[in-house]
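Welcome! Here is a short briefing on the links between side chains in this structure. Take a look at it first, and then read on.

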Amino acid sequence: SFFRGCCVTVCVIPPLFANTNKSNTLKTLKTLCEMTPFPRGRPRARKYWSLPVLLPMLGAMLLLLLQWPTAAAARGEHAFGNATGEAGGARAFPRDRSTTPRDTPTAKRTRLRPTTVTRAWIQINPSPMYTPRTQHCAVVVSSTILVIGGMNNANPGVALADVWKSTDGLAWSQVTMTTPFTARYAAGCTVVGSTVVMGGGAASSSTFLKNVFTSSDLGVTWTQATGNWGFTNPERMGLGMVYVSGLGKIFAVAGYKSSSPNCLNDVYSSSNVGTSWTVATSSASFSIRYIFGLTVVGTKMWLVGGYSCTSSLPVADVYYSLDGATWTVALANSASPFPARSDFGFVLFEGLLWIIGGRSASGVQGNVWTADSTGDGTSWTQATSSLPTGLGRFVAVVLPDGSSTITTGGTSTSNSYNAVSYQYIYAVTCSTPSTPSNANTPSCTGTAVGSTCSFTCSTGYTGGGTLTCGS
């Protein structure tokens, strides 16, 4: 009987767990039992399932059942859970079948955790080719960034009249060294279709301008739209200028004039690309100010902060207007969560309003705040408290492809003048368990959106893969 049980164990049970047809297996079992001779001289009834037969069979079956999940895993199958090999989650990367064998003591089947994509401000060009400057114009037109005029930082107080261009903020080339307009800084600039419109500004600390120039060929040639835009106080600098396409109008907002009281809060508009102007309001509900933030979301203009001549300090209030005549306070200066500032970057990017850096009563700011552009302007969140350096008197623009925001020119924390470009881009990091560490250092083709990073696992771990920055 014991011999009979061993034969069944060795010859029959393994095929049973190898998905052999069950009817054939049972037939073989019966045949073996019938062909196995009984001891001679003791004729007896055939008892195929006596205890000596069953014991080795049951033991073998138990052993095989215990080993079945391991054998299934070795074949790439999954004894339990879903099709990913884990109960309750999709595999982040394809299974790596070239990992350390399971019989190696250090081998563990801990997979690489999903990688994460974070955002960061990094320096993309420490020395752009254009002359270091502050309070210049920077606009995006026809997939090109233009930097226009500004104050020469090598000779503070001296205005510039040159034009530079770039498509990515990295490489810059000069469009023209001389222009027909008077060199200026702190002018108002906007874009109407493929035409750049620039008005006002300061030629020096005592000479403010009132003319308007336009360019429709990326800053190569400039045409005077008007020698005097006809404001009650036409000579001004530090004004805001935006184009609201839904209204078909350019708006010139507030600014600073040479006579006291120096600041303004009037608003003018033009429907013919800066040739003629009409007053929208001579005294808006916001306090008199200059060097503030102004941008457009749809048909709504948003105005933030700036330097108030009423308090002789920067402010942190938020206003909006749908027509340039009526302005509604969204957030009072006393209720604002972000520090008061002027000379900061203010852009619409990825559905958010961004306040970047700036100058406060205590110095240059290094923080960034955002708010939902479709909201009411009351809820602001700090995106970062530590830019690579404090920034003031610079201009921020969104890259032509909409992938990120860059800063141009400005002053640093130490108030030294610079022309450094900083870019807010995707930075890829590998989020892996800290103990044990199971990922090797990622190999990346770059840090810009669209570059790729490849990840491999430490010896004994499965996983790995690639990730595209920005995905």
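Predicted model: local features only at pLDDT ≥ 70, side-chain atom pairs only at ≥ 80, totals over all residues.

## Salt bridges and disulfides

Asp 162 is buried, because its relative accessibility is 2%, under the 20% cut-off.

**The salt bridge of Asp 162 and Arg 133**

- Asp 162 meets Arg 133 in a salt bridge between their side chains, with 2.8 Å from N to O.
- The two partners come from distant parts of the chain, since Asp 162 sits in strand 5 (residues 158-166) and Arg 133 in strand 2 (residues 133-134), 29 residues apart.
- Arg 133 has 0% relative accessibility, so this residue counts as buried, and Asp 162, at 2%, is buried too.

**The salt bridge of Lys 210 and Glu 235**

- Lys 210 and Glu 235 form another salt bridge, in which the closest N and O atoms are 3.7 Å apart.
- Here two loops are linked: Lys 210 belongs to the loop between strand 8 (195-199) and strand 9 (212-215), and Glu 235 to the loop between strand 10 (223-226) and strand 11 (240-244).
- The two residues are 25 residues apart, and the pair links distant parts of the chain.

**The salt bridge of Arg 359 and Asp 343**

- Arg 359 pairs with Asp 343 in a salt bridge whose closest N and O atoms lie 3.9 Å apart.
- Arg 359 is in strand 22 (residues 359-360) and Asp 343 is in the loop between strand 19 (328-331) and strand 20 (345-349), so the bridge ties together parts that are 16 residues apart in sequence.
- Arg 359 counts as partly exposed at 22% relative accessibility, whereas Asp 343 is buried, with a relative accessible area of 8%.

**The disulfide of Cys 137 and Cys 189**

- Cys 137 and Cys 189 form a disulfide with their sulfur atoms 1.9 Å apart.
- The link of Cys 137 and Cys 189 is right-handed, with 80 degrees about the S-S bond.
- Cys 137 is part of strand 3 (residues 137-141) and Cys 189 is part of strand 7 (residues 188-192), so-called distant parts of the chain, 52 residues apart.
- Both Cys 137 and Cys 189 are buried.

**The disulfide of Cys 263 and Cys 309**

- Cys 263 is joined to Cys 309 by a disulfide, at 1.7 Å from S to S.
- This link of Cys 263 and Cys 309 is right-handed, with 45 degrees about the S-S bond.
- Which parts of the chain does the pair link? Cys 263 lies in strand 13 (residues 263-270) and Cys 309 in the loop between strand 17 (300-308) and strand 18 (313-321), 46 residues apart.
- Cys 263 is buried at 3% relative accessibility, whereas Cys 309 is partly exposed at 25%.

**A residue in the loop between strand 17 and strand 18**

- Ser 311 lies in the loop between strand 17 and strand 18.
- Ser 311 counts as partly exposed because its relative accessibility is 38%.
- From C-alpha to C-alpha, Ser 311 is 9.6 Å from Ile 288 in space, and the two are 23 residues apart in sequence.

How values were computed. Residues numbered from 1 in each chain as written. Heavy atoms only, no water. Salt bridge = Lys/Arg side-chain N within 4 Å of Asp/Glu carboxyl O. Helix = DSSP H or I, 4+ residues; strand = E, 2+ residues; numbered from the N terminus. Buried < 20%, exposed > 50% of the residue type's maximum accessible area, 1.4 Å probe, protein only. Disulfide = S-S within 2.5 Å.
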